[in-house]
Amino acid sequence: MKNQKWMLWALGNALVKTFTVTIQKFIGLASQTFGHVAFVAFIVSLLQVSVGFAAIKYQKLPLLPNKKGLIGSCVYGFNVFWVTALSFYIFKIGGDLLVSTFIISLGIILGTLADKFFFKEPFVLRQWLGIFLAVCAAYIVLGLPSLAEIIALPPWVFLSSIVMLLGAMNSVLTRYVKNDVTGFQRNFWGGLSMLCAAIFFIPFWGIINPSLEVADQTIDLVKLGILSGIGAVIIWNLGLLSYKYGAYIALETLIVYGVLLSLIAISGWIFFGEGNMPVKFIGILVYLTAFSVVDNKTWNFFASLGRKWQQFH
């Protein structure tokens, strides 16, 4: 029963991620300036800091990690600010819900290359094939554009690529400081770093007008920001629970992103009228295949299932 429960947590993770990403698009559509998205990032980071601090105090853990863990957490949080703010801004300038989420998810594939170059992990021919399949999946999800269309891709596509790179950088950073900081410490100090970055950018981009009046739009952004922050906290805890119940980390990721991308495509179609569904689902299937080929743990898992099937047949 224990080995089955992790799958429920993984599915729950995907559902909450779908809700959170959908809220991100509503935030983007409700925003008028970068200051608005920085303001919402401030709310999200405030929730993360509060939850991290409360958890540390409740479990009577040390608040301050060592120097390496502290610096790593602060850099991580600064990156998360840009990931969060740009994720909102992408939708403000017309980003497609599924395509943007898909591009950002390619950071998982990019992370395998980081393992090779930063942590000297072996990288075999099969994994290079997986990288090629991931590029093909991105091309399909983008709608099979011509070379001229690729050159003229809208700015939100490139911003999504920046978010993908920042996510991959944070994956490398997480592995680098994993023995120097606890999850709650990273949540607190990373959230605090994110909070400071948001405070810095808010007044520069017009969220506060000279008369300091609070517009109805700002109140709506507060509500959406709280929902987004709650979603972020839930996602983090569901991830921990899935590992507690025995998840294969790679397989859990495969399930989360398979369900997430499928639900995001449906959400974009229902709430925002985003179409081209058959092509998008083909791209998702190619991407999941690419992930299974690139990631050694997932590949070994499916290979072991294949060997067991051959034994019984």
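The side chains of Arg 126 and Asn 296 are joined by a polar contact of 2.7 Å, a polar contact being a pair of N or O atoms within 3.5 Å, of which, within protein, one must be able to donate a hydrogen and the other to accept it, while residues adjacent in sequence count only if both atoms are side-chain atoms. This is a predicted model, in which local features need pLDDT of at least 70 and side-chain atom pairs count only at pLDDT 80 or more, whereas totals for chains, interfaces and linings use all residues. Residues are numbered from 1 along each chain as its sequence is written, and side-chain values use heavy atoms, with hydrogens and water left out.

Arg 126 belongs to helix H6, helices being DSSP runs of H or I with at least four residues, numbered from the N terminus. A polar atom of the Arg 126 side chain also lies 2.5 Å from the backbone oxygen of Val 293. Arg 126 is buried (under 20% relative accessible area, with exposed meaning over 50% and partly exposed in between, for a 1.4 Å probe and protein chains only), yet Arg 126 has no salt bridge, and the nearest side chain of opposite charge, that of Asp 295, is 7.7 Å away. A salt bridge here requires a side-chain nitrogen of Lys or Arg within 4 Å of a carboxyl oxygen of Asp or Glu.

The loop between helix H6 (125-141) and helix H7 (147-151) holds Leu 144, which has a positive phi of about 55° although it is not a glycine. Most residues other than glycine have a negative phi. Leu 144 is partly exposed, at 47% relative accessible area. Lys 60, in the loop between helix H2 (34-58) and helix H3 (67-92), likewise has a positive phi, near 55°, and Lys 60 counts as exposed because its relative accessibility is 76%.

On the surface, Phe 26, Ile 266, Trp 269, Ile 270 and Phe 271 form a nonpolar patch with about 520 Å² of accessible area together; such a patch joins nonpolar side chains (Val, Leu, Ile, Met, Phe, Trp, Tyr) within 5 Å, from residues with over 30% relative accessible area and no salt bridge. Helix H11 (residues 249-272) supplies the largest share, four residues. Trp 269, placed in helix H11, is exposed, with a relative accessible area of 51%.

Turning to the cysteines, the count of disulfides is zero, where a disulfide is a pair of cysteine sulfur atoms within 2.5 Å. For Cys 74, the nearest cysteine sulfur, that of Cys 196, is 8.3 Å away. Cys 74 is partly exposed at 28% relative accessibility, and Cys 136 is partly exposed at 26%.

Definitions and conventions: Patches are made of residues with over 30% relative accessible area and no salt bridge: like charges are joined within 9 Å, nonpolar side chains (Val, Leu, Ile, Met, Phe, Trp, Tyr) within 5 Å. Accessible areas come from the Shrake-Rupley method with a 1.4 Å probe; for residues, only the protein chains shown count as cover. Helices (H or I, at least four residues) and strands (E, at least two) are DSSP runs, numbered from the N terminus. Lys and Arg count as positive and Asp and Glu as negative; His and the chain ends are not counted.
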